[in-house]
Amino acid sequence: MRSLRAWLRVARLLLVLTVGLVLAAFVSLLERLPGRDWMPLRQRLTCWYLARLTAALPFKVKVHGELPGQPMLWVSNHVSWVDIPLLGALLPLTFLSKAEVRQWPVAGWLAEKAGTLFIRRGSGDARMINAQLATHLARGRSLLVFPEGTTTDGQGLRTFHGRLMASAIEAGVPVQPVALRYRRNGQACELAPFIGDDDLVSHLKRLFDNDRGVAEIHFLPALSSAHQDRNLLARQAHAAIRAVVCEAQEEAAIAA
């Protein structure tokens with residue numbers, strides 16, 4: 001029975017991926033038409049699509065707090081590739097991702113057609129990327145960045161890179177801290193993290209071979225970027241997110 005359920009989940013996911021390929025092909029055709037900015041349509045289509053992809057994943061989503069009512073720079077901890085559809089399904093967003101994702105089969109092409117901005121670590125193009133991010137924000141479009149620069153096991157946080165906050169300061173928009181927690185049977189979910197040498201197929205197999213987990217999305221109070229130092233802003237966002245991410249571990253330690 002469990003095996004049949006896993007195969008049905010995979011079949012549903014493949015169907016959703018097929019829809020994504022059709023949408024991406026449609027966007028490719030639109031790109032050939034000159035004289036128009038297609039990013040707003042890309043964002044809306046991506047949000048619609050990621051909501052379908054999220055529904056096909058083995059997680060029950062619980063949202064805490066209020067969704068932003070204005071364009072902001074969303075800043076989140078990073079646990080898995082699953083983070084992207086979960087957050088992107090809530091509101092139209094533009095994503096910033098590491099350049100390696102562009103090379104992923106199918107998913108990389110879909111990400112590019114969704115309008116994702118790619119940054120190559122250590123390439124020295126941070127200033128150019130920040131200029132692009134600031135332009136997006138100034139045009140009233142929300143952005144999502146993962147300032148840790150990599151994924152973790154979801155039970156702690158790495159240092160947040162302050163340079164990614166510069167775009168919010170330049171555009172004069174607030175920073176929206178978002179804390180992600182994956183839970184399973186009341187404990188931290190060990191299946192959700194996508195870290196180390198994980199590959200996408202193996203990770204999907206682990207997820208679909210097990211019962212549904214819970215994905216918690218916590219929207220925390222927004223941080224003003226006005227007259228702020230980017231590193232201080234990064235530390236404030238880090239502290240706010242850490243308070244949620246590490247809450248369960250700290251409570252367990254106190255109980256022990």
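## Strand S6 and its partners

Strands S6 and S8 (residues 213–219) pair in the antiparallel sense, and 6 bridges connect them; within this pairing, Arg 181 has Glu 216 of S8 as its bridge partner. The model described here is predicted. S6 is also joined to strand S2 (residues 73–76), in this case by 4 bridges and with the two strands running parallel, and Leu 73 stands opposite Val 175 of S6. A further pairing links S6 to strand S7 (residues 187–188), where the strands run antiparallel and 2 bridges are found, with Ala 188 in S7 as the bridge partner of Arg 183.

How many of the residues of strand S6 (residues 175–184) are buried? The count is 10 of the 10, so the strand is largely enclosed by the rest of the structure. In a regular strand the side chains alternate between the two faces of the sheet. In S6, Val 175, Pro 177, Ala 179, Arg 181 and Arg 183 point one way, while Gln 176, Val 178, Leu 180, Tyr 182 and Arg 184 point the other way, and all of these residues are buried.

Gln 176 is found in strand S6 and counts as buried because its relative accessible area is 3%, which falls under the 20% cut-off. A polar atom of the Gln 176 side chain lies 2.7 Å from the backbone oxygen of Leu 220.

Strand S3 (residues 94–98) is mostly covered, as 4 of its 5 residues are buried. S3 pairs with strand S4 (residues 117–119) in the parallel sense over 3 bridges, and the bridge partner of Leu 96 in S4 is Leu 117. S3 is also joined by 2 bridges to strand S5 (residues 143–145), and these strands run parallel; here Phe 95 has Leu 144 of S5 as its bridge partner.

What is the handedness of the β-α-β unit that S3, helix H4 (residues 107–113) and S4 make? The unit is right-handed.

## Helix H2

Helix H2 (residues 39–56) has 18 residues, which at 1.5 Å a residue should span 26 Å, and its end C-alpha atoms are 25 Å apart, in agreement with that expectation. The buried residues of H2 are Met 39, Arg 42, Gln 43, Thr 46, Cys 47, Tyr 49, Leu 50, Leu 53, Thr 54 and Ala 56.

## Cysteines

How many disulfides does a search of the whole structure find? The search finds 0. A disulfide is a covalent bond between the sulfur atoms of two cysteines. For Cys 189, the closest cysteine sulfur is that of Cys 246, and because the two sulfur atoms are 17 Å apart, they are too far from one another for a bond.

Cys 189 is buried, with a relative accessible area of 4%. Cys 47, which is listed among the buried residues of H2, has a relative accessible area of 13%.

## Positive phi in two loops

Most residues other than glycine have a negative phi, and most peptide bonds are trans. Asn 185, although not a glycine, has a positive phi of about 55 degrees. Asn 185 lies in the loop between S6 and S7, and the hairpin of these strands has 2 residues between them. Is Asn 185 buried or exposed? With a relative accessible area of 77%, Asn 185 is exposed.

His 227 is likewise not a glycine and has a positive phi of about 55 degrees. Its place is in the loop between S8 and helix H8 (230–245), and His 227 is exposed, with a relative accessible area of 85%.

Note on methods
Residues numbered from 1 in each chain as written. Predicted model: local features only at pLDDT ≥ 70, side-chain atom pairs only at ≥ 80, totals over all residues. Heavy atoms only, no water. Disulfide = S-S within 2.5 Å. Buried < 20%, exposed > 50% of the residue type's maximum accessible area, 1.4 Å probe, protein only. Pairing = 2+ DSSP bridges. Right-handed = clockwise from strand over helix to strand, strands pointing away. Expected span 1.5 Å × (residues − 1). Polar contact = N/O pair within 3.5 Å; in protein donor to acceptor, adjacent residues only side chain to side chain.
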